[in-house]
Amino acid sequence: AVVSTQSTGVILRLGCIRKGGAAGPGLFFFLPCVDEIHVVDMRTVSFDVPPQEILTKDSVTVTVDAVVYFRIQDAVSSVCNVDNVKTATRLLAQTTLRNMLGTKSLSEILSEREEISNSMQQTLDVATDPWGVLVERVEVKDVRLPQNLQRAMAAEAEAHRDAKAKVIAAEGELNASKALKEAADVINESPAALQLRYLQTLGTIAAERNSTILFPMPIDMMRAFAGK
């Protein structure tokens with residue numbers, strides 16, 4: 001028989017593993033009606049974990065799916081220790097995903113996806129080691145939230161932004177009032193400064209090409225006329 005480069009053959013002779021273990025790749029000989037050949041693909045294989053509905057630790061229902069990359073590193077163990085290694089690994093990945101995310105809160109699932117993927121990869125690798133499987137990588141693809149929860153989170157985020165904007169505006173008003181108070185104290189110490197500020201304001205108004213300019217009448221002058 002001929003086995004391609006990416007595969008290897010496990011030969012059972014009268015139900016027992018033939019001496020020497022797996023054969024191939026390449027050309028090898030076997031006895032028809034006596035030997036049973038199982039060709040095992042040694043390449044990395046990926047599969048999608050179907051979307052799983054999971055109840056988080058804080059009682060929120062989310063739908064999560066993932067992708068798993070694995071390869072067979074021991075062909076003899078994959079044939080002798082498990083009936084269907086690919087199906088078994090797929091089912092184990094589904095249960096591991098549900099069990100692991102069930103111990104996490106929603107915020108942890110959304111913010112710690114890399115840590116969850118690494119922990120799931122290590123758990124699967126240990127569990128599938130007797131089957132001759134090496135789990136190379138696990139990635140959490142998508143976390144879907146219910147529509148009502150998405151609306152609630154959006155409303156909460158908007159309220160938080162509005163509250164922050166009001167705090168920033170209030171701090172600006174406070175700083176402006178302090179600056180105005182300091183300016184008023186400086187002007188109060190020098191009456192000439194008030195006149196200079198008055199002339200500066202008139203210059204600003206005139207630069208805007210206004211047709212009408214109002215000149216305020218000092219109160220002291222009005223008192224002088226009132227005394228006469």
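**Exercise 1. Which residues in H2 meet which residues in H4?** Then work out how the two helices are placed.

*Solution.* Keep in mind that this is a predicted model. Start on the H2 side: Thr89, Leu92, Ala93, Thr96, Leu97, Met100 and Leu101 take part in the meeting. Across from them, H4 brings Ile116, Ser119, Met120, Thr123, Leu124, Ala127 and Thr128. Sort this contact by class and you get 9 nonpolar, 5 polar and no charged residues.

Next, the geometry. Two packed helices are described by the angle between their axes and the distance between the axes. Here the axes of H2 and H4 come within 10 Å and cross at roughly 135°. Angles over 145 degrees count as roughly antiparallel and 65 to 115 as roughly perpendicular, so H2 and H4 are oblique to each other. To finish, H2 passes H4 in a right-handed crossing.

**Exercise 2. Find the residues that touch the most other members of the largest nonpolar core, and say where the core comes from.**

*Solution.* The core has 32 residues, and the ones to pick out are Val62, Val64, Val68 and Leu97. Now trace the suppliers: strands E6 (45–55), E7 (61–72) and E8 (133–144), along with helices H2 (85–101), H3 (106–111) and H4 (113–128), each give at least two residues. In soluble globular proteins, nonpolar side chains tend to be buried together.

Zoom in on Val62. Leaving out residues up to four places away in sequence, Val62 touches Gln52, Glu53, Ile54, Thr56, Leu106, Ile109, Val143, Arg144 and Leu145.

**Exercise 3. Phe28 and Ser59 both sit in loops. Decide for each: buried or exposed?**

*Solution.* Take Phe28, in the loop between E4 (26–27) and E5 (35–41). Its relative accessible area is 7%. The cut-off for buried is under 20%, so Phe28 is buried. The C-alpha atoms of Phe28 and Val3 are separated by 8.3 Å, with the two residues 25 apart along the chain.

Now Ser59, in the loop between E6 and E7. Its relative accessibility is 60%. Exposed means over 50%, so Ser59 counts as exposed. Most residues other than glycine have a negative phi.

Notes:
Residues numbered from 1 in each chain as written. Predicted model: local features only at pLDDT ≥ 70, side-chain atom pairs only at ≥ 80, totals over all residues. Heavy atoms only, no water. Core = buried A, V, L, I, M, F, W, Y, C linked by side-chain atoms within 4.5 Å. Buried < 20%, exposed > 50% of the residue type's maximum accessible area, 1.4 Å probe, protein only. Helix = DSSP H or I, 4+ residues; strand = E, 2+ residues; numbered from the N terminus. Contact = heavy atoms within 4.5 Å. Axes fitted to C-alpha atoms, helices over the stretch in contact; angles between N-to-C directions. Parallel < 35°, antiparallel > 145°, perpendicular 65-115°, else oblique. Left-handed = near helix turned anticlockwise from the far one by under 90°. Nonpolar A, V, L, I, M, F, W, Y, C, P; charged D, E, K, R; others polar.
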